[in-house]
Amino acid sequence: MQSFFAKSQQAQKADGKKTSKNKAPPPWVEKYRPKSLDDVSSQDHAVTVLKRTLGSANLPHMLFYGPPGTGKTSTVLALAKELYGPELMKDRVLELNASDERGIAIVRDSIKNFAAQKVVAPKDHIAEKYPCPPFKIIILDEADSMTTDAQSALRRTMETYSAQTRFCLICNYVTRIIDPLASRCSKFRFRLLDGNDALARLRHVSDAEQLSVEDGVLEKILEVANGDLRRAITILQSCSRLSGESSAAQNDEDGDATMAETRPITIADVNETAGVIPTETLKAIIKACKDSKGPIGDTVPDILVAVKELTYSGWSSAQITSQMHDLIITDVLIEGKEKSKIAELLSVTDKRLADGADESLAMLNLIVGIADVLGAAK
Amino acid sequence: MSLWVDKHRPKSLDHVDYHQDISERFSALAATGDLPHLLVYGPSGAGKKTRVMGLLKKLYGPSVEKISTKSHKFVTPSKRELELGVICSAYHLEVTPSDMGNNDRLVIQQLLKETAETQQVDLNAKQRFKVVIINEADSLSRDAQAALRRTMEKYTKNIRLILLTNSTSNIIAPIRSRTLLVRVAAPTEQDIVNVLEKVAAKEHVDLENTKTLEKIASHSDRNLRKALLTLETLYTFAGSKTVSENTPIPTPDWEMVIGRIARELVSSRTPATLLAIRSLFYELLSHCIPPSTILKELTYRLIPVVPANLRVPLISAAATYEHRLKLGAKYIFHLEAFCAKVMVLLEE
């Protein structure tokens with residue numbers, strides 16, 4: 001009997017050890033979220049205004065809007081942390097995002113209940129360190145995906161409980177927030193991250209993780225991510241996982257883990273991870289479209305071969321469309337009139353792909369169309 | 001006796017024949033023990049599944065190959081009962097939620113959650129998490145994908161997802177940004193020839209020369225599965241005889257029917273032909289050939305035979321009608337409309 005227990009205990013121990021070893025490290029996006037308002041890069045306007053409110057202990061309802069990955073959620077979380085400190089934050093802040101059910105029922109029950117609660121005075125040791133203003137904050141992340149009904153239900157709630165609750169709505173598209181809500185909030189627009197600030201932030205992450213990266217990789221990541229810092233950091237983490245960097249460093253102590261080969265992260269890694277098609281491939285296609293001699297119909301079989309090659313390589317058509325767009329719009333050798341015709345083709349293709357149309361036909365149509373437009377220009 | 005495709009499927013990542021870089025990456029991932037969610041994409045017959053199974057074997061050892069099938073019952077909100085086949089081992093599950101059509105959200109919500117909420121029972125298991133493979137992830141409805149997003153974040157401790165898909169275009173951005181994208185490109189024709197040679201040697205296929213294999217490879221649309229099946233068919237047909245360069249490669253019936261449609265379209269452009277074609281279309285559809293495949297194949301066959309100046313409008317029409325086909329409910333309208341349009345183009 002005893003031996004049995006001993007055994008099970010042992011097993012448990014082993015189990016415990018294993019879980020701690022295999023415990024997934026937090027995603028870097030969470031790990032490197034700005035801890036204070038000062039850390040938030042590139043959003044000077046919002047940060048200055050919010051800092052002023054820190055001192056005065058008075059906060060309006062807020063509406064943050066801007067493209068993804070610009071630091072909206074980070075800013076409001078940093079603000080909450082500076083206001084309440086980590087301990088009190090649990091009681092005073094309610095965060096809801098699109099993955100939570102947020103129909104009208106939730107607005108009526110959960111949100112209203114939380115909003116209606118009276119604020120309890122903080123304990124002395126917390127009150128000494130943080131401003132702890134006498135209100136709670138409800139953060140509604142991705143508010144643009146809330147239904148109009150749910151938004152309308154929120155209107156009166158916001159006013160009724162304004163004595164003890166502040167709302168912070170976060171969204172990408174301010175137009176999807178109904179006017180009555182928008183007019184109750186002071187709006188903050190978040191700009192796309194400035195290249196230098198974003199680069200500095202990314203470099204900070206890569207240094208902290210002790211990654212070895214080749215020159216130009218970080219710049220490439222930023223280019224691919226289009227100013228979305230969250231996407232940039234995720235790509236960086238995926239790349240490092242692929243090159244076996246961080247993992248090898250972690251398992252070192254155990255000694256038993258097989259040493260994964262470490263190598264610096266290359267631009268090719270970034271392209272592969274982000275699913276980006278090498279620019280050369282697309283440039284070659286555009287060049288072929290431009291150079292095609294004679295009537296366009298004769299070149300169609302060649303284009304068909306090229307399109308099939310693209311499909312065989314497994315590239316996503318949506319990605320092709322978006323990269324094609326970038327290349328053509330910036331191409332100085334294409335006249336404005338042709339560009340607008342091609343833009344129309346691109347938009348039609350994008351719509352079709354979004355509707356689930358067959359990819360190779362859509363691509364064929366797009367590329368033949370581009371060749372036709374460029375051919376007619378000559 | 002199993003098909004050659006299954007019989008000669010590489011059993012581990014070390015034995016796959018091409019795309020060594022992907023295998024290396026997978027091995028590195030398996031060695032870290034911290035597997036991110038994966039989104040594996042590439043054309044069919046490129047070897048996505050083979051590589052993923054290799055990865056699982058690296059993660060859990062050979063016992064992952066002991067698989068069984070279960071059928072799982074679901075009850076829709078409208079109280080209808082549905083069943084779905086699930087392939088599972090002690091460490092992983094494999095589902096094709098798109099089999100459930102519009103109810104695929106239920107699979108994600110119920111089955112995945114159930115799996116996610118229970119921990120790995122086997123204490124000796126190498127990993128603390130289970131792996132769920134989702135086939136045909138690109139045909140998941142938006143609702144299902146949104147539900148997936150929530151599940152992915154919530155239960156990372158207990159499950160890892162591997163999504164298999166042909167294209168990432170239909171995967172919503174939030175899922176793409178939460179997964180590690182792995183592209184498996186189709187093998188080159190040379191790769192296919194190499195694999196065919198290997199299999200032929202193992203099966204003692206009497207080959208005259210490698211030209212035959214090259215021919216099979218060029219007819220395979222760079223699809224290794226198709227190439228292997230063709231090789232096996234040729235071998236069975238030839239019996240004891242030598243498989244030579246001149247052995248004709250059988251074309252599937254449906255492709256021949258489509259070829260006939262294309263010929264008729266070009267040769268006679270009358271309402272009577274349209275009527276005749278209609279019955280052919282119905283025949284194809286009743287044999288479960290997907291309508292968009294029909295339209296695509298038809299377009300590819302028409303391109304070489306129509307006059308050069310008509311090719312651009314032809315492709316544009318094909319793309320338009322294929323799009324409508326996806327949006328609409330009754331396929332035959334759009335297929336016929338396309339034929340009529342082609343006839344008009346030819347008349348002009």
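A polar contact is a pair of N or O atoms within 3.5 Å, and within protein one of the two must be able to donate a hydrogen and the other to accept it. With that rule in hand, and keeping in mind that this is a predicted model, the reader can turn to the place where the two chains meet: across the interface of chain B and chain A there are 16 residue pairs in polar contact, both residues of each pair being at pLDDT 80 or more. The parts of chain B that give two or more residues to this side are helix H2 (20–32), helix H5 (142–154), strand E7 (180–183), helix H12 (291–305) and helix H13 (311–327). Of these, H13(B) gives the most, with eleven residues.

One of the salt bridges links A:Glu309 with B:Arg222, whose closest N and O atoms are 3.2 Å apart.

The extent of the interface can be described in two ways. Counted by residues, 50 of chain B are in contact with 54 of chain A; counted by area, the two chains bury about 4,600 Å² between them, and 55% of that lies on carbon and sulfur atoms. Within the area that chain B buries against chain A, B:Arg25, B:Arg183 and B:Tyr300 supply 14%, more than any other three residues.

Chain B itself contains an open sheet of seven strands, in the order E2-E3-E4-E5-E6-E1-E7, with mixed pairing. Its edge strands are E2 (68–75) and E7, each of which pairs on one side only, and the twist averages 25° from one strand to the next. Inside this sheet, strand E3 (residues 81–88) and strand E4 (residues 92–95) of chain B pair in the antiparallel sense over two bridges, and B:Cys88 stands opposite B:Leu93 in E4(B). Helix H2(B) lies across strand E1 (38–41) and E7 of chain B, running at about 150° to E7(B).

Chain A has an open sheet of five strands, ordered E2-E3-E4-E1-E5, in which the pairing is parallel. Strand E2 (93–96) and strand E5 (186–189) of chain A each have a single partner strand, so one side of each is left without a neighbour in the sheet. Four bridges join E2(A) to strand E3 (residues 136–140) of chain A, and A:Val93 stands opposite A:Ile137 in E3(A). Helix H5 (residues 104–116) of chain A lies across E2, E3 and strand E4 (165–171) of that chain, running at about 160° to E3(A).

Terms used
Residues are numbered from 1 along each chain as its sequence is written. Chains are lettered from A and ligands numbered from 1 in the order in which they are written. This is a predicted model: local features need pLDDT of at least 70, side-chain atom pairs count only at pLDDT 80 or more; totals for chains, interfaces and linings use all residues. Side-chain values use heavy atoms; hydrogens and water are left out. Contact means heavy atoms within 4.5 Å. Buried area is the accessible area (1.4 Å probe) that two parts lose on being put together, summed over both. A salt bridge is a side-chain nitrogen of Lys or Arg within 4 Å of a carboxyl oxygen of Asp or Glu. A polar contact is a pair of N or O atoms within 3.5 Å; within protein, one must be able to donate a hydrogen and the other to accept it, and residues adjacent in sequence count only if both atoms are side-chain atoms. Two strands pair if DSSP finds at least two bridges between them. Axes are lines fitted to C-alpha atoms, for helices over the stretch in contact, and angles run from 0 to 180 degrees between N-to-C directions.
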